[in-house]
Amino acid sequence: MAQMAIKITNSDNSKLIDMLNVAFAEEWLAYYQYWIGSHLAVGVLRHAVADEFMEHAKEELEHAEKLAKRIGQLGGVPLINPNLWEKTAECKYDEPKNPCVCKLLEQNLTAERCAVARYQKICEMTEGKDFVTFHLAREILEDEIEHEQELFDYIRDMEHGCCESKEK
């Protein structure tokens, strides 16, 4: 553990590590949700959407790696038992029971909106107190907002086909 990393955070380290572990668990679940969705997708634009899902899966895994590194720098341990991911995450894994591209997009859109809220909270908690964690959370937040926009765009573009969007 890096002594200075802990010293300069100027925030409740235990609470911050807990919040980062929640995000860490959610990133692993998001990775899997995108990964499995890319393999199950059927319907209109399935190849394009599957490619998009794989790109997002890769980015979610990168987020998990960055979070694990930061948790360690703060003297914590990332959740090492995958069984704890589902229990710890507040943004839950949504089993893709219906592999229609439209349904998968909607499930992932919901998950991305939850992730946006998570990283906004981490930014608010660390702004002006822990510049390293703030920068990390802001960087991931930007990715999650981009993911949300991309998913929303697919849904909007497909509304004339099989998707019945709840939002316009």
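Predicted model: local features only at pLDDT ≥ 70, side-chain atom pairs only at ≥ 80, totals over all residues.
Residues are numbered from 1 along each chain as its sequence is written, and side-chain values use heavy atoms, with hydrogens and water left out. The chain has six helices and zero strands, where helices (H or I, at least four residues) and strands (E, at least two) are DSSP runs numbered from the N terminus.

**Overall fold**

- Read from the N terminus, the elements follow the order α-α-α-α-α-α.
- The chain has 168 residues, and 46% of them count as buried; buried means under 20% relative accessible area, exposed over 50%, and partly exposed in between, with a 1.4 Å probe and protein chains only.
- Of the contacts between residues at least 6 apart in sequence, 81% join residues at least 24 apart, a contact being heavy atoms within 4.5 Å.

- Helix α6 covers residues 131-158, and its 28 residues should span 40 Å at 1.5 Å a residue; the end C-alpha atoms are 40 Å apart, which agrees. The expected span is 1.5 Å times one less than the number of residues.
- Where α6 starts, a side-chain oxygen of Asp130 comes to within 3.3 Å of the backbone nitrogen of Val132.
- Thr133 sits in helix α6 and is buried, with a relative accessible area of 1%.
- The side chains of Thr133 and Arg70 are joined by a polar contact of 2.7 Å. A polar contact is a pair of N or O atoms within 3.5 Å; within protein, one must be able to donate a hydrogen and the other to accept it, and residues adjacent in sequence count only if both atoms are side-chain atoms.
- Beyond its neighbours within four places in sequence, Thr133 is in contact with Leu16, Leu20, Arg70, Leu74, Ile122 and Thr126.

- Ser14 lies in helix α2, which covers residues 13-40, and counts as partly exposed at 47% relative accessibility.
- Ser14 and Gly76 are 62 residues apart in sequence, while their C-alpha atoms are 8.2 Å apart in space.
- Ser38 also belongs to helix α2, but Ser38 counts as buried, at 12% relative accessibility.
- Leaving out residues up to four places away in sequence, Ser38 touches Ala50, Phe53 and Met54.

**Aromatic pairs**

- Six aromatic pairs turn up in a search of the whole structure. Rings of Phe, Tyr and Trp (its six-membered ring) pair if their centres lie within 6.5 Å; planes under 30 degrees apart count as stacked, over 60 as edge-to-face and the rest as tilted.
- Phe24 and Trp85 form an edge-to-face pair, at 6.4 Å centre to centre with 85 degrees between the planes.
- This pair links distant parts of the chain, with Phe24 in helix α2 and Trp85 in helix α4 (residues 83-88), 61 residues apart.
- Both Phe24 and Trp85 are buried.
- Trp28 and Trp85 form a stacked pair, at 4.9 Å centre to centre with 10 degrees between the planes.
- Because Trp28 lies in helix α2 and Trp85 in helix α4, the pair ties together parts that are 57 residues apart in sequence.
- Trp28 is partly exposed, with a relative accessible area of 25%, whereas Trp85 has a value of 16% and is buried.
- Phe24, Trp28, Tyr31 and Trp85 are linked into a cluster by ring pairs.

**The cavity**

- One cavity of 30 Å³ or more is found in a search of the whole structure. On a 1 Å grid over the protein atoms alone, a cavity is a set of points where a 1.4 Å probe fits but cannot get out, and lining residues have an atom within 4 Å of a point.
- The largest cavity holds about 150 Å³ of space; grid points are joined across faces, edges and corners, and a volume is the space filled by probe spheres set on the points.
- The lining of the largest cavity has 18 residues, with Glu26, Ala30, Cys91, Ala111 and Ala115 nearest its centre.
- The elements giving two or more residues to this lining are α2 and α5 (101-126), and the largest share, seven residues, comes from α2.

**Leu45 in a loop**

- Leu45 is found in the loop between α2 and α3 (46-73) and is partly exposed, with a relative accessible area of 42%.
- Phi of Leu45 is near 60 degrees, a positive value in a residue other than glycine.
- Most residues other than glycine have a negative phi.

Methods: 1 Å grid on protein atoms, 1.4 Å probe; cavity = no way out; pocket = protein on both sides within 12 Å on 5 of 7 lines; lining within 4 Å.
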